[in-house]
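I opened the model to take notes on one chain and its neighbours. These are my entries.

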Amino acid sequence: MRHHSAHRARVRAAIGTVAAGAILALAACAPGAEAPTDGEQIEVTTELTTEEVVLTIADETGFPVTDALTEEFTKQHPNVTFEITRDTFQNLTANAPRLLAGANPPDLIRLPTIGETVKDGLIANLDPWYEAYGWDAWPASQLAPMRMSDEGIRGSGSLYQLGLGYSITGIFMNLEIAERLGITAPPSTMAEFEEMLATAKAAGELPIMAGDSDGVVNFVVQAAMNQFADKDEFMSWMFNEPGATYNTPGNVQGAELIRTWADAGYFPSDINAIDYFTFVTRFSEGEGLFTFNGNWAASGYQDALGDNVSFFLVPPINEGDGHVAMGAGNSFSVAAGSDNLNEIVYFLNWIHTDPAARQIIVDVTGASPGGDPTLPLPEVAPGSLIESALEMSAQIGADNGQVDFMANTTAGIYAGSIIPESQLLVTSQITGQEFVERVQAFYEQEIGG
Amino acid sequence: MITSRTEVIVGRVLLIVALVLTLIPLLNMLSAALQPADRNPIGLSWPSDPQWVNFVTAFEVGNVWRLMGSSAFIVLCVVPVSLVIATLAGYALGGLRMRGSRALLIVFVLGLTIPFEALIIPLYYQAQALGTLNTQWAVVFPLIGLFMPFSVFWMRAHFVNVPRELSEAARVDGARLWQEFFRIQLPLALPAISALTILLFIWTWNQFLLPVVLIANPLDRTVAGALTFFQGQYYASIPLLNAGALIIIVPAILVFLLFQRQFIKALLQGAVKG
Amino acid sequence: MSTTLVSNAPRRAAARAAARRADLTGWLLVAPALLAYTGFVIYPLATGIQYSFYDWNGVGVATWVGLDNYATVFTNPNLLGAIGNSFVLIAFFTIIPVGMGLVLATLIRSMRDGLALRASQTILFLPQIIPLAAAGIAWSWMYAQTGAVNQILGWIGLEAITRPWLADYGTALPAVGLIGSWVLTGLCTVLLLTGIGKIDTSLYEAIRLDGAGWFREFITITLPGLRQELAVLVTLTVIAALSTFDIIYTSTQGGPGRATLVPGLLIYRIGFTQSDVGLAAAFGIVMMVLVLAVVLPIQRLSRASDQ
């Protein structure tokens with residue numbers, strides 16, 4: 001036995017030494033490669049090729065608009081066909097940088113946050129085409145969130161993305177419940193809105209249908225913040241400008257308001273068990289006076305509730321103040337390594353300018369098609385929620401009130417901080433001040449580290 | 001077998017409770033799968049109008065044929081290779097116990113403690129370097145490696161318990177090693193091997209993390225990854241999700257039932273008396 | 001390693017030659033397994049350790065940061081909280097399933113082979129066949145406010161304690177843990193049955209003739225006979241507990257707040273969503289060391305048993 005254990009000790013020591021040596025040797029050389037340098041310059045053209053081309057698109061599941069758009073495009077230009085791969089939003093965003101860095105990147109990819117992809121040279125700078133196609137006629141505020149400067153700050157600099165439709169968020173109201181409660185018109189101020197919430201609560205109706213198992217209550221949290229915060233200050237934080245902070249008096253006020261709503265029981269008691277699909281379904285089935293959501297949900301609510309639902313912008317603090325609402329392009333980027341840069345950008349430009357394409361965007365997503373505002377808007381059913389959505393988009397454009405979603409601030413902030421902290425906020429576990437401080441702390445860590 | 005009456009009664013009652021608890025979530029899945037696809041199912045209740053069509057929809061929406069093919073390919077690569085090389089290694093470490101086997105065992109056992117998550121990041125970059133990324137091979141190779149610690153440990157645990165007199169008797173009879181292995185050891189090892197087969201099959205079939213990370217196209221993954229087909233960012237249907245999940249587990253159940261008859265017969269034989 | 005003692009020298013030499021041949025054969029037999037293991041476990045592990053010393057986003061240039069990533073793992077309360085949660089899960093992934101498995105395996109053993117036995121076994125094993133991801137989905141609305149759990153509690157007059165189990169800060173982690181118990185009990189039962197099958201039945205007959213009850217029989221025969229299997233199961237289930245991913249990913253995503261956040265989910269998020277490969281790798285290494293620290297004593301016990 002003695003020699004046995006001595007032998008074993010020797011074996012262990014040997015394994016240990018070899019392992020340690022190998023690790024040290026490995027650890028000494030850095031992983032990763034140099035950032036790819038700009039490849040060969042290609043000639044920018046706005047003419048579509050006549051050769052046979054297959055364009056590849058990486059999109060998220062449950063987002064059928066690319067199917068309809070590519071089908072229409074191939075109908076108009078039979079030499080161009082498409083291959084679309086789909087994955088969940090979560091997986092796609094997690095895999096995006098590595099997909100783009102791979103040997104065969106997709107030509108076009110759904111990319112909610114530019115993040116570090118620009119720094120790593122993974123996505124194509126669209127400036128040459130911006131000039132060539134004359135995109136300066138498009139609303140600058142819509143394109144700003146899709147720009148990034150050389151310093152890695154979003155909001156200005158070169159253009160790296162375009163939207164397949166531009167979304168707008170607001171409040172949906174169940175008119176049947178509203179009528180029972182004596183509510184006849186949408187609120188024009190936050191105070192009026194709060195009165196309606198109290199009325200609903202007193203009458204035993206659920207004031208706000210919302211869910212937060214996957215963070216969607218942040219449509220409500222940010223909607224409140226938007227009304228109190230300085231819009232430009234808020235945006236500068238979302239664009240990661242140096243020194244920008246989330247911990248502003250306006251944001252704290254907005255978060256504290258959410259806390260008072262939580263204390264008052266305006267949210268479902270099982271809010272943290274409700275995900276997006278569940279809260280949409282429950283509102284569609286007639287539960288809740290209000291719900292906060294975007295234009296993409298409009299046609300679903302219309303189908304479920306018919307004429308008993310309306311859609312409007314979140315009211316400002318004071319009557320007559322400009323509206324502020326979250327909205328963003330359903331942003332797609334072109335891979336820097338794409339072999340078909342001219343072709344895929346032609347496709348993007350076509351989506352913004354071709355009447356059939358613009359009609360598809362509106363019909364399928366309910367989003368505004370973007371592009372030159374002087375172009376005629378697609379036809380929609382009069383009095384429909386989609387019509388409201390397009391009017392709201394126009395209103396926000398006129399008020400210059402569009403802000404990005406705070407979930408897009410950094411790649412990791414939504415899952416890593418905003419979701420868990422908002423779950424605590426809407427169940428009265430932390431104050432609005434704590435919410436804002438914790439999110440800012442995570443932000444500093446992610447940006448700094 | 002001698003057992004007392006109370007023991008039998010208490011035993012049966014506990015067993016029935018355990019069986020019911022096991023089945024409820026599965027029945028709940030079925031009842032949910034049969035609700036209208038655009039509804040949010042509530043509780044455990046048999047739908048008044050069962051929507052069997054959900055299974056058809058889930059099958060089509062989820063591209064289940066292609067996914068089953070992809071899963072079957074991964075399973076057929078991983079399981080037989082793992083079984084063969086783990087059985088050989090288990091026999092060497094547990095039966096032959098050659099010099100150095102104890103050190104090797106420690107090396108393998110240490111591997112037993114490595115969670116997949118600890119390796120997933122390096123495995124990603126390894127697959128990228130090997131050029132297997134986004135193909136089924138990116139999952140096949142690592143899975144064989146990752147299954148080795150358990151498989152070798154499991155087979156060794158079997159061979160270590162085989163009475164040494166058996167192999168020594170065979171050797172005295174002048175049997176060569178491979179003869180001894182095929183005639184004596186392998187038949188004895190069948191229960192252990194069939195149990196391992198079932199485990200490896202299920203673990204491969206249900207592998208979630210590796211395919212999700214290493215294969216970009218969901219259609220080239222295992223069926224477990226197909227569940228993500230129904231979970232879009234803003235779109236999901238719990239009835240369809242459950243219908244899809246039920247479709248996905250059927251092949252696994254079939255394989256289990258198929259193997260199980262052999263499996264149970266073999267394990268009831270118990271150890272061979274020297 | 002001693003072979004049968006023989007008296008004369010030529011036979012001893014032959015025996016030694018045979019032993020050397022057996023050594024070589026042994027290594028040849030282990031080689032394929034060792035190769036697969038080295039290539040896809042040891043090598044990635046070494047590169048993981050390498051990454052853990054760098055600040056790297058997975059694509060661009062990496063910067064050496066020494067032990068900074070490890071410092072973050074041990075000082076960031078969110079990361080530490082996740083480690084704490086995973087230890088709580090051991091109670092549900094290991095203690096409950098192994099305990100239940102022992103009880104059930106003992107009971108099934110005394111059943112005569114037949115349809116009832118086979119059916120029971122099959123049913124108990126079913127949860128193990130289901131993808132964990134599906135189990136997470138199925139259970140997350142079993143646990144919902146309007147789900148089956150509350151419904152059943154209502155039937156038996158326990159309306160007072162109904163709640164959205166996964167959204168309640170106090171119950172979320174145990175509720176997730178019970179999903180693990182549900183999944184792993186079948187595995188434990190079936191594997192322990194394999195073990196009991198290997199125990200000599202005459203031992204049971206002897207102790208029964210001795211007048212022993214089921215408890216003494218269990219303590220003196222079943223339990224010692226199952227040491228190997230128990231070691232395997234405890235190891236497996238502890239690893240399952242500490243490396244939970246699929247169930248959390250499809251049920252709570254770590255919520256509410258961070259009540260069910262576990263290292264596996266954080267590694268995925270930090271490594272792939274936040275693209276902080278170095279920190280994720282370091283967390284992975286720490287996680288592995290923790291598993292080792294818990295599991296090594298168990299291995300030692302089982303090794304002592306087969307000397």
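Among contacts in chain C between residues at least 6 apart in sequence, what percentage join residues at least 24 apart? I found 71%. Two residues are in contact if their C-beta atoms, placed from the backbone, lie within 7 Å.

Ground rules. This is a predicted model, where local features need pLDDT of at least 70, side-chain atom pairs count only at pLDDT 80 or more, and totals for chains, interfaces and linings use all residues. Residues are numbered from 1 along each chain as its sequence is written, while chains are lettered from A and ligands numbered from 1 in the order in which they are written.

Chain C overall. I listed 13 helices and two strands in chain C. Helices (H or I, at least four residues) and strands (E, at least two) are DSSP runs, numbered from the N terminus. Chain C is more spread out than a compact globule, because its radius of gyration is 25 Å, well over the 19 Å that the globule rule gives for 307 residues. That radius is taken over C-alpha atoms, and the rule is 2.2 Å times the number of residues to the power 0.38. The C-alpha trace of chain C spans about 75 × 60 × 30 Å along its principal axes. I also checked burial: 56% of the 307 residues of chain C count as buried (20 or more other C-beta atoms within 10 Å of the residue's own, these atoms being placed from the backbone).

Helix H6 of chain C. H6(C) covers residues 148-155, and its buried residues are C:Ala148, C:Val149 and C:Asn150. They pack against helix H1 (5-33) of chain B together with helix H5 (132-142) of chain C. Just after H6(C), I noted a positive phi of about 80 degrees at C:Gly157.

H7 against H10 in chain C. The axes of H7(C) (residues 172-198) and H10(C) (residues 227-242) come within 10 Å and cross at roughly 165 degrees. Axes are lines fitted to C-alpha atoms, for helices over the stretch in contact, and angles run from 0 to 180 degrees between N-to-C directions. H7(C) and H10(C) are therefore roughly antiparallel to each other (angles over 145 degrees).

Which residues meet there? On H7(C) they include C:Gly180, C:Leu184 and C:Cys188; on H10(C) they include C:Gln228, C:Glu229 and C:Leu233. The residues of this contact of H7(C) with H10(C) divide into seven nonpolar, four polar and one charged. Ala, Val, Leu, Ile, Met, Phe, Trp, Tyr, Cys and Pro count as nonpolar, Asp, Glu, Lys and Arg as charged, and the others, Gly among them, as polar.

Conventions
Buried ≥ 20, exposed ≤ 12 C-beta atoms within 10 Å, placed from the backbone. Parallel < 35°, antiparallel > 145°, perpendicular 65-115°, else oblique.
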